[in-house]
Amino acid sequence: MNNEELKHFLKNLPDKSGVYRYYNDQGIIIYVGKAKNLKRRVSSYFNKEQNHPKTRMLVSKIAAIKFTVTDSEYDALLLENNLIKKYQPRYTGSAWTTTSKNALDPAADTRPKRNTSKTSSLPPN
């Protein structure tokens, strides 16, 4: 994808929630991400100088971009999860984060709970 094609593609991305996939020059999915706003999120990779080495490496490997518009952010989260499990993209990370898993299934949250309840007691008589 040359610069002109990329600019045209980014300009025409929808301002909707969805999932985007980055492919390398061999047609392999190298990254899957979700977005509240596809246009803003995908464009953010290309509109500024990337400081993190992993992100710079990822951007340098992108040969094609595809996206799927979803009805909601929750649908995007579910689709992203399924695509990550299916394709295991190199730059997405080795595991689905605990926070994301817990957003899907609060019962799976094994992190320590902070007791925020207030208790009061009467002084002894």
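User: Which residues does S17 touch, not counting residues up to four places away in sequence?

Analyst: S17 touches A35, K36, L38, T68, V69, T70, D71, S72 and E73. A contact here means heavy atoms within 4.5 Å. Before we go on: this is a predicted model, where local features need pLDDT of at least 70, side-chain atom pairs count only at pLDDT 80 or more, and totals for chains, interfaces and linings use all residues. Residues are numbered from 1 along each chain as its sequence is written, and side-chain values use heavy atoms, with hydrogens and water left out.

User: What makes S17 count as buried or exposed?

Analyst: Buried means under 20% relative accessible area, exposed over 50%, and partly exposed in between, with a 1.4 Å probe and protein chains only. S17 has 9% relative accessibility, so it counts as buried. Its place is in the loop between α1 and β1.

User: How many helices and strands are there, and what counts as one?

Analyst: The protein has five helices and three strands. Both are DSSP runs numbered from the N terminus: helices are H or I with at least four residues, strands are E with at least two. Along the sequence, that reads α-β-β-α-α-β-α-α.

User: How do you know which strands pair, and what is their order in the sheet?

Analyst: Two strands pair if DSSP finds at least two bridges between them. Strand β1 (residues 18-23) and β2 have six bridges, in the antiparallel sense, so they pass that rule. In that pairing, Y23 stands opposite I29 in β2. The three strands form an open sheet in the order β2-β1-β3, with antiparallel pairing.

User: Why are β2 and β3 said to stand at the edges?

Analyst: β2 (29-35) and β3 (64-69) each have a single partner strand, so one side of each is left without a neighbour in the sheet.

User: What lies across the sheet's strands, and how is its angle to β2 defined?

Analyst: Helix α4 (residues 73-87) lies across β1, β2 and β3, running at about 165° to β2. Axes are lines fitted to C-alpha atoms, for helices over the stretch in contact, and angles run from 0 to 180 degrees between N-to-C directions.

User: Why is the pair E80 and K34 called a salt bridge?

Analyst: The rule asks for a side-chain nitrogen of Lys or Arg within 4 Å of a carboxyl oxygen of Asp or Glu. The side chains of E80 and K34 meet at 3.5 Å, N to O, so the pair qualifies. By this rule the count comes to one salt bridge. E80 lies in helix α4 and K34 in strand β2, so the pair ties together parts that are 46 residues apart in sequence. E80, at 7% relative accessibility, counts as buried, while K34, at 35%, counts as partly exposed.

User: What makes a group of residues a nonpolar core, and which ones touch the most other members of the largest?

Analyst: A nonpolar core is a set of buried Ala, Val, Leu, Ile, Met, Phe, Trp, Tyr and Cys residues joined through side-chain atoms within 4.5 Å. The largest has 16 residues, and Y20, Y22, Y31, V42, L58 and I65 touch the most other members. α1 (3-11), β1, β2 and α2 (38-44) are the elements that give two or more residues to this core. Apart from it lies another core of seven residues, among them V19, I29, V32 and I84.
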